Protein chains: 2
Amino acid sequence: MKTADPELMRAINRFLVLDTIRRHGPIARVEIGARTELSATTVSAITAALLDDGLITVRHEGDIRSQSLRGRPRVMLALHPEAAWVVGVRLAGDRIVCVATNFQGDVLAGLTLPARITALATPDIADLVADGVRRCVGDAGLGLEQIKAVALSLPGIVEHGSGQVLASSVLGDLDAPLHEAITARLGIDTIIESDANAITMAQHWFGQARRHDDFVLVAIEEGLGLGVMHNGQLFRGAHGLSLTLGDMVMGPGGDTAMRLGDLAGQGTLLADPRLHEQGMAQVHALLEAGDDELRAVVARAGTALGIAIANLVALFAPPRVILVGSTLALGEHLLAPLRESFAAAIPAPLATLAEIVIDDAGDQLWARGAAAVALGELYGSPWGTTGPARHGQ
Amino acid sequence: MKTADPELMRAINRFLVLDTIRRHGPIARVEIGARTELSATTVSAITAALLDDGLITVRHEGDIRSQSLRGRPRVMLALHPEAAWVVGVRLAGDRIVCVATNFQGDVLAGLTLPARITALATPDIADLVADGVRRCVGDAGLGLEQIKAVALSLPGIVEHGSGQVLASSVLGDLDAPLHEAITARLGIDTIIESDANAITMAQHWFGQARRHDDFVLVAIEEGLGLGVMHNGQLFRGAHGLSLTLGDMVMGPGGDTAMRLGDLAGQGTLLADPRLHEQGMAQVHALLEAGDDELRAVVARAGTALGIAIANLVALFAPPRVILVGSTLALGEHLLAPLRESFAAAIPAPLATLAEIVIDDAGDQLWARGAAAVALGELYGSPWGTTGPARHGQ
DNA sequence: CCGATTTAAATCGGGATGCAAAATAACTCC
DNA sequence: GGAGTTATTTTGCATCCCGATTTAAATCGG
């Protein structure tokens, strides 16, 4: 635990107010006070500082007025969309997706660069990313110098803080300093984050979990990602490590043991020679056509996933589990066995606890999630004048 | 996140100081300052309040003096052992273990009551517990009114805060209000906690994890317990639920799927008719005698555990995993396959991360862990005079 | 034996924070 | 236009932490 001092106190409350404004659209000071349980005085002081720093503005849309129309009207406050801009990047196996967003996470420009990332060396990847970011920023009508942060998300295990990638299906050379390479090329603060954490943030900010401060997300893509939102914060492992599900071993041991990633990853589902370079759409077509062999493979994947999810629920007891990822395009072929094995595996007292939600998140939401990660850090970081209040003004 | 105010600030720092004193024996104010990074002024103020409240005392044992012998000598501060007393209780399938401890967790009296808990109704259990607590308190030369809190630990899933038991192998009727029953009988603040969390606290305070603020503990007893220490705090699920491992399902699904609890719980290991009522010692004897069938069962349990532990490491990335529980008496018969399957299942980048430690914790340490849970709450709670500093004194 | 030196702890003064109460602002209603 | 109502700001106070200074309690050295 960190030691507490007045500065930390202010930082906490400031963040609380800013986050309340973000979540609850244009909102009046009184209501911020009611929601955060801060006194009106404190809310006034903090909002004054935020206005001063240009992070929020007065905006009267959505001014619903308290029930009765009497009394002094509320002044509605909202994030100042142009307080800062960030870029979120998603690094997937075969493409790079960039989005530029404003301070509230609205997408101003999006861009997809097809590229066989897996085959590239780290410096080349950094070049592509930097290129994508530049173009995206240009498309948004901005200049690079206006971008306050870039967040790059990729599948695998990432150490938060250092930005070191410990494992990833898309990076060949884990020792090459990706973080430094990108920072050097763009000259912008860069955050490396696991893609599962990015899409988890996206669901929390923009998606199916806006009202949930506790949930678990399972991303079923090429690999299997895991994000845990705990008490409104991304849960990270001991060293700030992101979590992953692909390395979970299924099976009682011995010969039958298999990595979940090998059971339910797309590498397996696309292993059939007919499917090379075809992707999920083709798999789905074959399934619909009644390909029994493929159906069995998909069913096995669904079953394993159901069990893995039940295990997660048993561990974290989340009220909601969100499933995302391109593999979900297989629809009921995957989901039916998933649900069935989940139901069989979940212990009775927890059976009604967790609600499973499927979300067909598009590419752009993943990148937007990365942007949200960047914005989240901006919200928390000491801005212009976090410090002393300026009396002489 | 809770809103920050001066009171919270002080509570945090106060707890920090108290915890530092607890961990680092008799310690001087300067050193507390160095360790916590609080200013000498603040440390002085807080320790003055703590002395005033009688939670700490001046004690000169262990006064090592800074290297040079010059200058004003340090005043060593330590927990005041008689600031409060608590009782920790462990409810196991066939016995109740109680310990009374002083404010620093030293055991003053211990007591084991054999009893087939499983066969009893909740009110009878509460009677036994209350009886055990009373006798234990008497043995320690104390009166019930001196006991500030009682913590009761039991296997299963417990909701922290409400004290509701959601699942337990030792309680027949989960709807009967155990917490209220015990509070009513003793008239003392009572905390219900999972036994896994209790032994996790015990390891953190007194055992193999005194220097570790991040670790995972697996308790292999009748059931399979799990405790996660994250950043110096017990990690709890979404509703403050304790975690459990017994419900983890091993296997890719279908017919081969099995609960880990059914694979590695003692119910399974003792299933052989020859072993009824004999316990682990007899199992061990048979294993040593070369009973192949039994060996296979134990090996299968070890293998499954190894995989489960690997999965936990993949999830939480803890630097240390501690194994405890009576089943460990099986020794290498269990541990060799466990280690083997762990090594096979752990992903390469994490292979060197976690160190597995076996601890042969006795019954009393489990109960002492419950006491530590109670003490932990006392340390954090507002004591006598948490509030305003009294100037006129 | 007594002053210089050294280290620890307490005290003083300043700056920041949050809160409650009072004051002010900006409306609606009559 | 005045009364009533609700939102926001101002005022005054109590608390907290911190840096600098002062006091305390030893040792060292002559």
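Student: What gives the most to the surface near DNA strand D, and with how many residues?

Tutor: H1(B) gives the most to that surface, with four residues. The model is a predicted one, in which local features need pLDDT of at least 70 and side-chain atom pairs count only at pLDDT 80 or more, while totals for chains, interfaces and linings use all residues. Residues are numbered from 1 along each chain as its sequence is written, chains are lettered from A and ligands numbered from 1 in the order in which they are written, and side-chain values use heavy atoms, with hydrogens and water left out.

The surface near DNA strand D draws at least two residues from each of helix H2 (29–36) and H3 of chain A, and from each of helix H1 (6–23) and H3 of chain B. Helices (H or I, at least four residues) and strands (E, at least two) are DSSP runs, numbered from the N terminus. In total, 28 residues lie around DNA strand D, and those that come nearest are A:Ser44, A:Arg70, A:Gly71, A:Arg74 and B:Thr42. A residue is near when one of its heavy atoms lies within 4 Å of the molecule or strand. By type, the surface near DNA strand D divides into ten nonpolar, eleven polar and seven charged residues. Here Ala, Val, Leu, Ile, Met, Phe, Trp, Tyr, Cys and Pro count as nonpolar, Asp, Glu, Lys and Arg as charged, and the others, Gly among them, as polar.

Sugar or phosphate accounts for 71% of the atoms of DNA strand D within 4 Å of the protein, and bases for the rest. From chain B, a polar backbone atom of B:Arg72 is 3.3 Å from a base nitrogen of DNA strand D.

DNA strand C is also surrounded by 28 residues, the closest being A:Thr42, B:Ser44, B:Gly71, B:Arg72 and B:Arg74. Of its atoms that come within 4 Å of the protein, 76% belong to sugar and phosphate. The side chain of B:Arg74 has an N or O atom 2.7 Å from a phosphate oxygen of DNA strand C, and a polar side-chain atom of A:Arg10 is 3.0 Å from a phosphate oxygen. B:Val75 uses its backbone, with an N or O atom 2.8 Å from a phosphate oxygen of DNA strand C. Two or more residues of the surface near DNA strand C come from each of helix H1 (6–23) and helix H3 (40–53) of chain A and helix H2 (29–36) and helix H3 (40–53) of chain B. The most come from H1(A), with four residues. The residues of this surface divide into ten nonpolar, eleven polar and seven charged.

Turning to the sheets, chain A has an open sheet of five strands in the order S13-S12-S11-S16-S17, with mixed pairing. Two strands pair if DSSP finds at least two bridges between them. Strand S13 (233–234) and strand S17 (355–358) of chain A are at the edges with a single partner strand each, so one side of each has no neighbour in the sheet. Strands S11 (residues 215–220) and S16 (residues 320–324) of chain A run parallel and are joined by four bridges, with A:Ile322 as the bridge partner of A:Leu217.

In chain B, S16(B) is joined by four bridges to strand S11 (residues 215–220) and by four bridges to strand S17 (residues 355–358), and runs parallel to S11(B) and to S17(B). B:Leu217 has B:Ile322 as its bridge partner, and B:Val321 stands opposite B:Ile356.

Technical notes. A polar contact is a pair of N or O atoms within 3.5 Å; within protein, one must be able to donate a hydrogen and the other to accept it, and residues adjacent in sequence count only if both atoms are side-chain atoms.
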